[in-house]
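Here are my notes on the complex you asked about. Have the structure open beside you as you read.

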Amino acid sequence: MWQYIVRRLLQLIPTLIGISIIVFTLSVLVPGDYIDSKTNPNLTAERAAQLRELYGLDKPPIERYVTWTKNMLTGNMGDSMQHRMPVTKVLNTYVWNSFYLSIIALFIYWIIAIIVGVFSAMRQYSVFDRVVTILVFAGMSLPSFFIALLLIKLFAVDVPLLPIGGMTTAGMNASGGEYYMDVIKHMILPVAVIVMLSAGSLTRYIRTSMLEVIRQDYIRTARAKGMKERVVIFKHALRNAMLPAITLLGFELPSLFGGFIIMEKIFIWPGAGKVYYDSIQVRDYPLLLGFTMVLALLTLLGNLIADVLYGVADPRIRLK
Amino acid sequence: MAKDLLQFRNLKTQFHTESGVVKAVNDVSFSIREGETVGVVGESGCGKSVTAMSLMRLVEAPHGKIVGGEIFFEGRDLLKLKNHEMRLIRGNDIAMIFQEPMSSLNPVLTIGEQIIEPLMEHLLLPRKEARAKAIELVKLVGIPRAEQIVDSYPHELSGGMRQRIMIAIALSCNPKLLVADEPTTALDVTIQAQILDLMRDIKEKFKTSIMLITHDLGVVAEMADYVVVMYAGKVIEEASVFELFKNPKHPYTKGLMKAKPVINQRQERLYSIPGQVPNPIELGDNCYFSDRCESCMDICKEKQPPLRTQENGHKIACWLYEEGQGQ
Amino acid sequence: ACSSKEAASTPAPSSATTPTPAAATATPAPAAPVRPEIKSDGLIPAWDNSKNPQQAKNRKDSAIIGMTAPDGIFNPFYSETAYDNYVVNLIFDSMLTVNKDATYSPALAAEMPKISDDKLVYTFKLKPDLKFSNGDPITADDFAFALTILHDKSYDGPSDISLNHIKGGDAYREGTATSVEGIKVIDPLTVEITTTEIGATTMSDLGGYPIAPKSVYGKDYKQGNLDYMKDLNHTPIGSGPYTLAKYTPGQEVVFAPNATHYGGAPKTPNIIYKVTTDETQMQMLQTGETDMNMISVSMDNVNALIDQGFMDVNIFPTNGYGYIAFNHKKAKFQDKKVRQALAYGLDRKQIVEAVYGPFADVINIPQSKLSWAYTEDGIEKYEFNLDKAKQLLDEAGWVVGKDGIREKNGEKFEINFVATSPNVVNDAIIPVATANYKELGIKFVPEQMDFTAVGQKRKEGKFDMLFMAWGLTPDPDPTNIFSSKGSQNEIGYSNPKADELMKAALKEVEIDKRKPVYKELYQVLNDDLPYIFMYQRRDMWPVNSRLQGFDMSPYKNFTYSLAQVQVQ
Amino acid sequence: MRIAFRRLAKNKLAMGALIFIVLMFLICFLGPLFLQYDINSISVANKNKAPNAAHWVGTDSLGRDVLLRLMLAGRVSLTVGLAVTAISVFIGTVLGAISGFYRGIVDTLIMRLADIISSIPSLPLLIIFGVLLSDFKVEPTHRLFYVMGMLGFISWPGLARLIRSQILTMREQEYMVATEALGLKDSRKIFKHLIPNTIPTVIVSATLGVAGAILAESGLSFLGLGVVPPTPTWGNMIGAATNWIDFSTRPWLWVPPGLCILAIAIAINFLGDGLRDALDPKLKR
Amino acid sequence: MSEALLEVHDLKKYFPIRGGVFQRTVGHVKAVDGVSFSIKKGEAFGLVGESGCGKSTIGRTILRLNEKTSGQVIYNGTDIHTLNKTDMRKLRPEMQIVFQDPYSSLNPRINVGQAVGEALLAHGLCTKAELRDRISEIFNICGLAPYHINRFPHEFSGGQRQRIGIARALIMNPQFIVADEPVSALDVSIQAQIINLLGDLQESRDLTYLFISHDLSVVEHLCNRIGVMYLGSMVEMASRDELFKNPLHPYTKALLSAVPVPDPTLKRERIVLQGDIPSPAKPPVGCKFHTRCPIATEICKQQVPEYREVGSNHFVACHLV
Ligand SMILES: Nc1ncnc2c1ncn2[C@@H]1O[C@H](COP(=O)(O)OP(=O)(O)OP(=O)(O)O)[C@@H](O)[C@H]1O
Ligand SMILES: Nc1ncnc2c1ncn2[C@@H]1O[C@H](COP(=O)(O)OP(=O)(O)OP(=O)(O)O)[C@@H](O)[C@H]1O
Ligand SMILES: [Mg+2]
Ligand SMILES: [Mg+2]
């Protein structure tokens, strides 16, 4: 197993190089650069050339790639053009906000999805199952902004219980407990939306694998041992049914930090999603590339962790 | 005579399949007394396992279903119990050893965990004690390196080891009734002997009744007090073990006795009953064995013989022994 | 001039106007509130203050202004987006300040600068005893410093001071001089600036550069290296009415009053810029989470705001216009008749009305109706007229072919229309133009792309027609856009007559002398049609009626009067 | 296989769903022929009308008939939803199965490829793709097909990993040892023995994918991929509801497309459930 | 008898024991620890021994369903473990196996007709048209009915599944079959039928068996030669008659004495094995059987007994013989 992990970690290197080449190439191919994206028509050709030189955008792509990777290796992701500060600092400013939101939502929707998925499998084709199915697909079929606006209308405008958006009350100066309460209040709606959107598909996956598992002979054995139905379901069946879900858990790692573009925009949550999106819009390559590489690394690690966990959780698997 | 612990009364279990209804258990009645070992033998596919499964109420829903009859256990009809009441009986009062040990063990839980569970559930042992007991049980069924085995997974064990684990689980709570569906098929004779001894000990110590399903007539002879012979979903003969082995009456039973190879009595060719079991979907009103019976009569092709008690408490379902029909 | 290339759907927030000042509407509340009529221009006053939500009423001494998130570059030399500029405007002052009608008056300057007779030398004089918020005095050195570093080789901010042609500027940039020759500090309050070329906008440009304490911004300065500047982005120090109290990225900017401000301490001590987005800015106004916000104008939005009852709704023309550009490098568009035909043949009124209702006007020249340079004299209106369009096309030699498509020299008349997306105007142009041009016998083939990609297509000339919008500046000069060598003239438009007129207009400094030149220029452009000019729309600033005292116009955004605003 | 179809045919819900999907297609492709409105005709006077006799589902902000747009949108959305899902499910299943089956170097290569694809931000990729299509002068009406391929291509890694993980477990089962003992070819082992056991997951992934693909398409139109206005899609019709006023006062603009997506997603789900049950030997109803 | 079809030389198969979260290898189960024997063409070689002693592992390693740890398996002159994938696959139809656990060796989603027939098609051994007949035929021989063809594994009883496993092996017309407990779940009548069948095939087609079973009566009936295993090693090997008449190793003796007799009146003396059952991970030094051997002496605890020929073709590993 150690050997496997070490080998996988070594594989990260070529994979990351591959990704870096591809994303860099993409950034070269994407039409326009930061200067082009500027909304300043006063820009003369000379001035534009001066700026490109200052940003190093006039150099040939290969040279830029080499400098960029060299800097990356030393942990220097360069300066964001749009934010005029080091990319690491920009990320540090926004990524954690996304993380808090995601991690809480993640926690909630995994629990919900597991419980609901299990019950709709247990009562397959019951009314409960049908209703859940329809709700799941309603969540999938409606764009995320839609649910967000609906909740805002219900709980922030018609009955002003919760704030419409933001992470803290404007101009608030509190700290400590009061501050956290305020943040939590602002979190409720976005978390609710993320949960509604994400729990659905997970529920379906868990339901399906539960359906497969509960008909296995060893479930019969567990029943024959007189175990409580709860134990039969949540220990014997769920353990096996969760195996595929581990893979899904691996995907969550990058999304924990990547943010949710639309959610963050609607709820004015100062997260990384919107910053990332903007970086594409204005062709802020250092930020775009830096963030992409961070996410790529997280994706790779997430998958690696999922694979390792999978091998641990399912003793039958032999990873090679 | 001890009183009946378990009674099957006209049990009927059916499976709905694509091509029709399989009457796997078709009107089966017999009983098991306290402290008694009842051997169930019969043609492969005749419904032995399904009978046992029906007793545990574990017939696979939705296409398998108990469609009729009663199963009385200590005076209560198991088929009428609520689910949670049934649960308390399973594993505790009635324990079962399944025929297929591989698929019957949970692949992602360690052996130990699977043995510990019922101990904690029914005997309310704390985990540590339960584990100690589990190791003890594993040793009891003759598996070496018990300490390691409890931490390993089912797929790492040999067929016989898995089977013994199933036995250990079944024995763990000292059930009143042990349903053993071919418990020793994968065991070599020395271990088999050991296991059989173990079962006998338990039977003596706790007055456990055993329903022993097996093909090995030797095992039946050694273990059973009473034998039930099934064929195509029906009981065709039952008697005490001595009576049955001394004096098998039903032509099928006779055939079985003849077919068994015996050590040091090697023949060039083994006897086997000619013909095939009838299709359980298209069962008619005839005696199901009539096609293969050497002494088939006209009535056999028209009417089913009832199960009737003859002398020595020997019950047979065969027209040969019906008054006015026999030779 | 400097205008800004804007995606037509995003309002250009740097300009605004209120013909009737909001303060003037503070009439005593009538007994039974009456819902006012919709106006397409001007102020629709609040009519039922009782609806004002408690949340807003609870804020006694502060105002919350909603806007798009700033990037956090609160450095007067580098701030670039409108939203960063909203912040910078409150913290920094410059020599001159803009008036509602696009003229200028002194701010830090004691008086309007003196201009030499040859129109090349400008003398700026500071008010005496001015202080920055950190207590340092404001001196001529600070002004000279500001102008100097804009010349630095490593300066990569948005300003382009080279356009002002200050003497010795190029030498400084190249490093052959250690100071800019044309910037001379005469005494602690006076600076004399010498330029090498006459420029109509030089005075307003020079007077508009913000002034920051050299003691802070120039402490680590070495010629050719401005790297240290980025560390100052979050700690601005200036002389404006407010200072920065707290900045939470993506959330809010909190300001504190600056008692040392030359105009005295602001009347509303606490200002908060709260980040909002399109989807929820209306709701936030409604619940009182914000007091004002720019909302895109439409019948729906105006109605909804009036319904709220407690909003003073300011509507005024946007300082900018939308247009459909031709690719003049393509042969078919070099013929003026074709361009005119395409203008006549497009039902602009329908498009504009569909998108903006009464809140936009079809225009025919590239200038705001509020500008002093605007004219309707001798301007063709290009009213929708398919027959005229057909006739012009026939004259141009484009005849209808067998398949109903016009052709000339074997070339089919097909228009590749590149549209930015998402964009509400394009959503209307495409169906209308497809239908209209089909009538003319022209195949209209639209495609959509993200904004920067369209910009790239435009640059590379890979399009036939495209829709975009320009923002305008107080000064009407359009040289960049329409002169043959204009930096933003990527579409290849060229008209020697127009070039000449633009040059002439810049050689004059007085408005009266420039006005007739622009009139002629607009007549030429109106006839020649470098673009199909589409519309000038409105901006809308709803303000919670708690806040009184705003004085906005398309040229003077809300930041300039914020210090005078009072909470009722 | 034939048995499976027979079983499927017996499942009323699944058949109902199938008929519904076919009907949807028919209505979307034939329906517009029966309406007298034209997609390009906009009418300011008629804008934002609630449902009425002339416009059964009302009109939009440009005065266009919503019903007509709904049907035209359905043509695109249905095709896109189904095609993209089919492509990504196909690639995902096959690659996932191969990867899990062979492990070792093949697994490494495929999974690293999956990693790379899931790491590359799709937005720039799609922007470039849009520009390329434009530069190569691909007919705007044909671009959709390329886009479907592209979307399908970038969305397979998730399913592939899921399938792979299941195959990893399955390949250790005794019945796979049995196929080895029988000397079956690898392709047969994969396609006949392993993939059928992953059918439930594949079906879930496919049913979830359809709605996702329909919505994803709306994002693509903005990048110059996908359809060009005035052709609508359900995704960008429902996108109109981002506007607060439309959202709160004009439900006819977004309820119908929303319902269409929902209905198609649920129908496909029922069909998928039916298919899964039909293919499941242990379940007979 | 003819020349050896299969030769096994010093075959070893160790399974790693994993422990801890990261599943490091903490030891090895020596499932097969240096076993040699050979089987002649047309011979039925019986393998008996304690449960878990490595019989199935030998069977699977011979067919290369496990990779060996060391040793050689020579089939028809070629070392099977050196073949490449394609050659191995080509060889497969010739060598078949009946799995010990019939249920798990059947794919739950493939109906049994297909399960039995697919390999025939895959190897081009019959045409599609013939297939159904071939399956019906083999089903019939194995005591299954044609109406079973479209059913799925879970719809069968244990014995029926076992017969499906046998049918799947036999339909290929192999040269060599590893039969791992092929009749354990069958009632004696069908068992007899199957054993007769195997015997017939052995004669008519010169079929060779490695027959693993716990049922000594069956082994006696079918096999020409028998090997007795204990804890991964062969402890005794002799022809049928010799072994049953003259068992030499104490384990073999214990085994024979433990066979249950189908006569309830007869209570026989059994040699009951006492003592700890050793672990294949840590086999005892000296003779592996010494911990349970009723007649063990000092030397047994120290020295590994040599596996030697004591009579004509009678091999045994015991110090005391
Ligand atoms: N799930 C099922 N669906 C359909 N038929 C079934 C199912 N389970 C069992 N059967 C049928 O029911 C009959 C009885 O099966 P059962 O397992 O009880 O046999 P058995 O007596 O235990 O045989 P064996 O000795 O071979 O284990 C068989 O004919 C079998 O094919
Ligand atoms: N995959 C595996 N991983 C680890 N250990 C294994 C594995 N397979 C078998 N073993 C071990 O190898 C030993 C021999 O197993 P094998 O299955 O060959 O026994 P057997 O002789 O066939 O027994 P039985 O008669 O009970 O089937 C056992 O101790 C078992 O625990
Ligand atoms: Mg059975
Ligand atoms: Mg075995």
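The points below take the chain contacts and then the metal sites.

1. A word on the source before anything else: this is a predicted model. Please read every distance and area below as computed from that predicted model.

2. Let's begin with who touches whom. Eight pairs of chains are in contact, and among these pairs chains B and E share the most contacts. Chain C, on the other hand, does not touch chain B, with 47 Å between their nearest C-alpha atoms. Chain C does not touch chain E either, and there the nearest C-alpha atoms are 43 Å apart.

3. Now to the contact of chains B and E. Chain E brings 68 residues to it and chain B brings 67 residues. About 5,200 Å² is buried between chain E and chain B, with carbon and sulfur atoms giving 54% of that area. On the chain E side, the residues that lose the most area to chain B are Val188(E), His221(E) and Pro264(E), which together make up 13% of what that side buries.

4. Three salt bridges are counted between chain E and chain B. One to look up in your viewer joins Asp200(E) to Arg269(B), with the closest N and O atoms 2.9 Å apart. The count of residue pairs in polar contact between chain E and chain B is 14, both residues being at pLDDT 80 or more.

5. Which elements of chain E give two or more residues to the side that touches chain B? They are α5 (158–170), α6 (188–205), α7 (216–222), α8 (240–245) and α9 (250–257) of chain E. The largest share, nine residues, comes from α6(E). Sorted by class, the side of chain E that touches chain B has 30 nonpolar, 22 polar and 16 charged residues.

6. The area buried between chain A and chain D is about 5,300 Å², and carbon and sulfur atoms give 68% of it. Four salt bridges are counted between chain A and chain D, and Arg164(D) and Asp307(A) meet in a salt bridge at 2.9 Å, N to O. The interface of chain A and chain D also has 11 residue pairs in polar contact, both residues at pLDDT 80 or more.

7. Next, the metal in chain B. The magnesium ion (ligand 3) is coordinated by Ser49(B) through OG and Gln99(B) through OE1, at 1.8 to 2.2 Å. Ser49(B) is in helix α1 (residues 48–55) and Gln99(B) in the loop between β6 (94–97) and α3 (111–122) of chain B, so the pair ties together parts 50 residues apart in sequence. Gln99(B) counts as buried because its relative accessibility is 14%, under the 20% cut-off.

8. Last, the metal in chain E.

Definitions and conventions
Residues numbered from 1 in each chain as written. Chains lettered and ligands numbered in written order. Predicted model: local features only at pLDDT ≥ 70, side-chain atom pairs only at ≥ 80, totals over all residues. Heavy atoms only, no water. Donors = N, O, S within 2.8 Å, 3.2 Å for Na, K, Ca; no water. Helix = DSSP H or I, 4+ residues; strand = E, 2+ residues; numbered from the N terminus. Buried < 20%, exposed > 50% of the residue type's maximum accessible area, 1.4 Å probe, protein only. Contact = heavy atoms within 4.5 Å. Buried area = accessible area lost by both parts, 1.4 Å probe. Salt bridge = Lys/Arg side-chain N within 4 Å of Asp/Glu carboxyl O. Polar contact = N/O pair within 3.5 Å; in protein donor to acceptor, adjacent residues only side chain to side chain. Nonpolar A, V, L, I, M, F, W, Y, C, P; charged D, E, K, R; others polar.
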